[in-house]
Amino acid sequence: MSQDASAQTVLPCSQCGRTFEHSDLVQIAGNWVCGDCKPGYLSRVMASGGAASPLGWHYGGFWMRFGARMIDGIVLGVPLVILAALLIPNLLRAQGDASNPAFAGIAAFSIVFFLGYFIVLICYEVLFLRYRGATPGKMACGLKVVRTDGSSLGWGACIGRFVMWNIVTSGIPYLNFILILASGILAGTDGEKRALHDRVCDTRVVYKQSMA
């Protein structure tokens with residue numbers, strides 16, 4: 001038997017890039033993975049619902065993205081609650097004091113308060129997506145938002161995602177229930193785990209480690 005015939009096929013691991021004989025690799029979600037990378041890779045595939053791209057990316061599934069949103073909500077919500085707890089009691093006391101013109105009332109305060117919160121929300125999401133590719137919640141979950149070709153998001157895509165999710169999808173009364181439900185169904189069933197704002201802005205939410 002010749003040397004070429006006896007040699008086994010050598011393939012690279014899709015995760016670490018090292019080469020192995022065919023018998024030392026296992027195929028998971030269409031990619032060859034070595035024994036060292038198998039446990040972590042398999043857990044990411046399970047968490048993402050098994051979705052994988054031809055480039056070896058693994059898309060963030062519905063529950064992982066939901067968890068990232070919850071983390072972002074806590075990061076933004078806790079300071080908001082603390083600030084409200086400090087300011088509102090003083091405002092209520094001043095509201096009953098007709099001689100104190102410093103306050104225009106609870107309604108005016110609420111408008112200014114939530115307008116300021118909305119500006120913080122815009123800066124939080126848009127700036128983190130533009131310069132880090134993910135909000136703190138997504139970073140904590142190992143996720144990153146990219147364009148279809150893997151490139152980073154520009155200002156237009158960052159602002160577009162913010163507008164689509166925070167204003168169009170979840171910000172319109174009554175209609176928001178239908179749009180959030182539809183977006184969640186899309187994220188859970190689409191082959192690339194694209195929510196409504198991903199489809200409109202041509203973005204993908206992937207596990208950062210799968211892009212290495």
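**Entry 1: aromatic rings**

I began with the aromatic side chains and found that F62, W63 and F66 form one aromatic cluster, where rings of Phe, Tyr and Trp (its six-membered ring) pair if their centres lie within 6.5 Å, and planes under 30 degrees apart count as stacked, over 60 as edge-to-face and the rest as tilted. I was working on a predicted model, in which local features need pLDDT of at least 70 and side-chain atom pairs count only at pLDDT 80 or more, while totals for chains, interfaces and linings use all residues. Residues are numbered from 1 along each chain as its sequence is written, and side-chain values use heavy atoms, with hydrogens and water left out.

By this rule I count 6 aromatic pairs. For F62 and F66 I noted ring centres 6.2 Å apart and planes at 20°, so this pair is stacked. The two residues are 4 apart in helix 3 and therefore separated by about one helical turn; helices (H or I, at least four residues) and strands (E, at least two) are DSSP runs, numbered from the N terminus. F62 is partly exposed at 31% relative accessibility, and F66 is partly exposed at 40%, given that buried means under 20% relative accessible area, exposed over 50%, and partly exposed in between (1.4 Å probe, protein chains only).

I then looked up F118 and F162, whose rings form a tilted pair, 5.7 Å centre to centre with 55° between the planes. F118 lies in helix 4 (residues 106–132) and F162 in helix 6 (residues 155–169), so the pair ties together parts that are 44 residues apart in sequence. F118 is partly exposed at 32%, whereas F162 is buried at 3%.

**Entry 2: C13**

I located C13 in the loop between strand 1 (10–12) and strand 2 (19–21), and its relative accessible area of 3% makes C13 buried. Leaving aside neighbours within four places in sequence, I found C13 in contact (heavy atoms within 4.5 Å) with R18, F20, L25, W32, V33, C34 and C37. The C-alpha atoms of C13 and V33 are separated by 4.8 Å, although the two residues are 20 apart along the chain.

**Entry 3: L87 and the whole chain**

I placed L87 in helix 3 (residues 62–95), where L87 is partly exposed at 35% relative accessibility. Its C-alpha atom is 9.7 Å from that of F109, which is 22 residues away in sequence.

For the protein overall I recorded 8 helices and 6 strands, and buried residues make up 35% of its 212 residues.
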